[in-house]
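Open the model in your viewer and keep the selection tool at hand. This tour goes stop by stop.

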Amino acid sequence: MRILFVLNSIYTTGNGLAASARRTVQVLKELGEEVRVLSGPNHNPEGPQPDYRLKDFYFPVFQPIIRAHGYQFSSTDVKVVEEAVRWADVVHMQEPFVLEIRTAKIAKRLGKPVTGTYHLHPENIFYSLGMGGWKFPNRLLLHIWRNWCFNHWSHVQCPTQNVMERMKKIGCTSQLHLISNGIIPDESIRQPHENHPYIVACIGRLSGEKDPLTLLEAMKYSRHAHDIQLVFAGRGPQEKKTRRKAARLYKKGILAHNPTFEFMKRDQLRQLGAKADLFIHCALAEVEGLSIMEAMQQGGVPVIATGPITGACQFALDDRSLFHQHDARELARKIDWWLDHPQELEEARNAYIESMKEYEISNSARALLQMFHKSINKQ
């Protein structure tokens, strides 16, 4: 089967959507499928390039915000797009943007089936503009995506149950498939040990929708605040704000250990996953949350925010690992409970390692192949 992946920039770093696409493409190739990519360029001259290369598109005014989120848009060269689509048996979209809209129109004209993945909430965009909680623009953009993208894809991958329910609620007419983006299988390297101080980590982009400030606010109410070393593994538009608040807590003596900030590569994240006591996931808008899944794969016990568009909370094994979004006091209580119960914490580590096995990326890739075959048969 010849599969064409379409996205604006597959080689950006610090972007979960692009990272997930790269992994999926690789696994599909390992399963023996022909896969090519239509995308913008890789700006690392020594790195790989997409099979069908598009030029970058730069937005006036908003480009610094886009870059801060580890993202880049591409222009749409009709000749390049048409060449790519003609080659494919099935065209798979990764985003609901202009590139995908135009590519889908060309695919329809050429009689090629089109599928897609729901990778992005409108709120992921509007939180960057300080409008994440504004219902009207988020609903409007979601319905635009439904009318211009989702309903023109015959089949749509929904990485979590939360996403599937949202697609049903807005009246998406495509056939929906509950398929995780998947994580690379990785044996846990955790060894029995005790941390002094406790290591409490937060992995992910430092941005409004990820809400890292709630973790810092929770330290004001935690009985163990003096015994906690906070680790923020990520970068993003709210990094300066997060650093300033962390410094204030340390200066006031609420934290006895200065929080650390570092953008980590995969092996570093693996090491962090194997040694941290707890992983806090405060995201207000999250499609799936591969970073917290990879931490759980290493025996990291999570405490995850719940909310109307937070898909990661489905991976919590019980209420001890859940708190209401923005509720710093409840988060502090959950952190304190886990640190007060080391035996339960150790038991939970093994349970979370086991729970992640069903989300291995090879399982997701095989499910995607079934979806692609259905789309071809339907066409």
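**Stop one: a surface helix**

Select F136, which is found in helix α6 (residues 135-148). Helices here are DSSP runs of H or I with at least four residues, strands are runs of E with at least two, and both are numbered from the N terminus. This is a predicted model, where local features need pLDDT of at least 70 and side-chain atom pairs count only at pLDDT 80 or more, while totals for chains, interfaces and linings use all residues. Residues are numbered from 1 along each chain as its sequence is written, and side-chain values use heavy atoms, with hydrogens and water left out.

Is F136 buried or exposed? F136 is exposed, at a relative accessible area of 62%. Exposed means over 50%, buried means under 20%, and partly exposed is in between (1.4 Å probe, protein chains only).

**Stop two: a loop residue**

Go to I170, in the loop between α7 (161-169) and β9. I170 is buried, with a relative accessible area of 10%. Leaving aside residues up to four places away in sequence, I170 touches L142, H143 and R146. Contact means heavy atoms within 4.5 Å.

**Stop three: the sheet**

Show the strands. Seven of them make an open sheet in the order β3-β2-β1-β6-β7-β8-β9, with parallel pairing. Strands pair if DSSP finds at least two bridges between them. β3 (52-53) and β9 (175-178) stand at the edges, each with a single partner strand, so one side of each is left without a neighbour in the sheet. Zoom in on β8 (residues 155-158): four bridges join it to β9. There, H155 stands opposite Q175.

**Stop four: inside the sheet**

Finish at I3, in strand β1. I3 is buried, with a relative accessible area of 0%. Its contacts beyond four places in sequence include V35, W87, L369 and F372. Which C-alpha distance separates I3 and V37? The answer is 8.5 Å, at 34 residues apart along the chain.
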